[in-house]
Amino acid sequence: MSVLVYIESEEGKFKTASLEVASYAKEVAQMLGTTVTGVTFNTEDVSELATYGVDKVLKINNSKLKNFNAEAYADALKQAAEKEGTKVVVVSQSANSKYLAPLLAVHLNAGYASNVVAIPEGASPFVVKRTAFTNKAFNFTKIDTDIKIIGVSKNAFGVKESQGAATAEDFSPNLSEEDFSVNVINVDKAKDKVTIADAEIVVSGGRGLKGPENWGMIEDLAETLGAATACSKPVSDMGWRPHSEHVGQTGKPVAANLYIAIGISGAIQHLAGINSSKVKVVINNDPEAPFFKAADYGVVGDAFDIVPKLNEKLKEFKAKNA
Amino acid sequence: MKILVCISHVPDTTSKINFTDNNTQFDTNGVQFVINPNDEFGLTRAMWFKEKQGASVDVINVGGPETEPTLRKALAIGADSAIRVNTPATDGFQVAKQLANVAKEGGYDLIIAGRESIDYNGGMVPGMLAALLEANFVNTCIGLEVDGNEAKAIREIDGGKETVSAKLPLVIGGQKGLVEESDLKIPNMRGIMMARKKPLNVVEPVDVTVHTEAEKFEKPAPKGAVKLVDPDNLDELIQLLHKEAKVI
Ligand SMILES: Cc1cc2nc3c(=O)[nH]c(=O)nc-3n(C[C@H](O)[C@H](O)[C@H](O)COP(=O)(O)OP(=O)(O)OC[C@H]3O[C@@H](n4cnc5c(N)ncnc54)[C@H](O)[C@@H]3O)c2cc1C
């Protein structure tokens, strides 16, 4: 019966998004009067998970699962769900979770709701609130199937600590050859760089920065804040920045704690994608820029003057508050 | 190579989002519908395969007659024929089931869908379709080459990218990167004329058990006014972010 959570990790460290979905699962489990089972892949020490509401950990250790493989991971999670008699599976909305959840939904014959932002309104009917129209609206979705999968949006619920201990047991799902028919040839991942998906703070630059040569100050500011860098669509289309930094309705969604927009006008497509960030700051020399209507804090002025100054002041602030 | 491109018919990105019937229906009044942007990148990649490697390209949509102009646009861009499954799209699983039913008959080598559609943002149709067809699946696909029976795809991952190989039949969830923005084609007059003569087949839906139902909608609460900080007083901004917003 227990609520099953797919726990993602990288180099043995749990993803914050997974601690958030574990916290979410705990609350769902309490609502349903059951417990939380977390499934981990190739992580040794799982004791930390108890702090976030996990009661039992199924540890999968399999060298074939070293690289993420959606089909194989989905198959493993399906078998874990069957073993636990699970009625609710909770996943994050990371790239990997979004990849495997639809496969898992078909394999478990489960209804799946993605981009969920709140705890289900009740157990029966089972209704969840999710974002739709790229954050321009919310939609209440009723899941009718016996087994349900919930994809929880980043930062929608928060990481919550709870008390308790977790038991751990090894779990070896039976994986078939077909599970490995998509093969990873190469992984190209920036080391030591905060990703937009994981970042608490995102510093984003637009066409107002005039050219790629001016991104030094954006990167400096991001470094001071421990932030990821992002950009508006035209900036990536012109090749000033890589596509992977394009955020907005047709790019990556941003659900950070703090989003700082520099030289970005605030077009509807841009705002749609970043709107679920908690606090938004805009720096723009045009007081009429639409972004000022969407932001919490704003500075009207020249980015080339403001950003380096802000960076210096933040460094002082960080030094004092360290 | 036989390619099927799944086309979602979505409101233009600038549309005002409103609801009717006691907030249970999306208000289509005055809304312009377009090919879902993620699907358009995929369609353009399909046209590339057609031109460079030889392929037939069918496009498909699950929806009522009102989606036909969107399919005609895809034909004008260069698809050979279109299929409309004659039923409103109600959730990701229902759409995937309808698509799978047609795709099974069609014997496609490559099925290109979009990572997500920009209306309901479900992000589930491509994966569910692949699972129903027992085909290989690559999501958030930003690069795709096909050589004989083998595909090499680049997938965007959090913080980087991954190159994978897989045999056909393959389903992808595509996005920008499959082709560049500048490669997108605006249909020309000739394309539009030809599209009128291309086949648009309407097929009837199969029965599907309901998995999820969209019940009602709600708009986000209106936002409070922005607090402006003087550019000569950036310390104030830092204090606000620290003490008031508590984000640094
Ligand atoms: C189908 C579709 C999908 C789209 N999807 C996206 C998307 O996902 N993401 C996205 O970002 N856009 C998207 N767009 C594009 C969007 O409509 C805007 O064109 C784009 O966001 C504008 O980018 P920008 O703000 O960087 O540039 P601009 O609109 O040119 O704004 C530049 C801003 O910089 C300011 N500025 C100039 N100089 C300075 C200075 N010295 N100091 C401070 N400020 C300065 C200007 O006042 C201006 O407000 C999409 C468009 C379409 C049609």
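Predicted model: local features only at pLDDT ≥ 70, side-chain atom pairs only at ≥ 80, totals over all residues.
Strand S9 (residues 137-143) of chain A and S14(B) run antiparallel and are joined by six bridges. Within this pairing, Lys142(A) has Glu213(B) of S14(B) as its bridge partner.

The contact as a whole draws 83 residues from chain A and 74 residues from chain B. About 6900 Å² is buried between the two chains, and carbon and sulfur atoms account for 58% of that area. On the side of chain B, Asp158(B), Lys176(B) and His211(B) together supply 10% of the area buried against chain A, more than any other three residues.

Turning to the polar side of the interface, 41 residue pairs are in polar contact across chain B and chain A, with both residues at pLDDT 80 or more. Several elements of chain B give two or more residues to the side that touches chain A, namely helix H4 (125-133), strand S9 (136-147), strand S10 (150-157), strand S11 (160-167), strand S14 (212-218), strand S15 (227-229) and helix H6 (234-244). H6(B) provides the largest share, with nine residues. Sorted by class, the side of chain B that touches chain A consists of 33 nonpolar, 17 polar and 24 charged residues.

Side chains of opposite charge can pair when their charged atoms come close. Over all chains, the structure holds 31 salt bridges, and the count between chain B and chain A is eight. One salt bridge links Lys309(A) to Asp232(B), where the closest N and O atoms are 3.9 Å apart.

The ligand site comes next, and here too both chains take part. Residues from chains A and B surround the ligand, so the site is shared between chains. There are 27 residues around the ligand, and those that come nearest are Arg207(A), Ser232(A), Ser265(A), Gln269(A) and His270(A). For His270(A), an N or O atom of the side chain lies 2.7 Å from an oxygen atom of the ligand.

In chain A, the peptide bond from Ser124(A) to Pro125(A) is cis, with omega near 0°. Pro125(A) sits in the loop between strand S7 (111-116) and strand S8 (126-132) of chain A. In chain B, a cis peptide bond runs from Leu168(B) to Pro169(B), with omega near -5°. The loop that holds Pro169(B) lies between S11 and strand S12 (170-174) of chain B. Asp192(A), although not a glycine, has a positive phi of about 55°. This residue, Asp192(A), belongs to the loop between strand S12 (182-189) and strand S13 (201-205) of chain A.

Terms used
Residues numbered from 1 in each chain as written. Chains lettered and ligands numbered in written order. Heavy atoms only, no water. Contact = heavy atoms within 4.5 Å. Buried area = accessible area lost by both parts, 1.4 Å probe. Salt bridge = Lys/Arg side-chain N within 4 Å of Asp/Glu carboxyl O. Polar contact = N/O pair within 3.5 Å; in protein donor to acceptor, adjacent residues only side chain to side chain. Helix = DSSP H or I, 4+ residues; strand = E, 2+ residues; numbered from the N terminus. Nonpolar A, V, L, I, M, F, W, Y, C, P; charged D, E, K, R; others polar. Pairing = 2+ DSSP bridges. Near = heavy atom within 4 Å.
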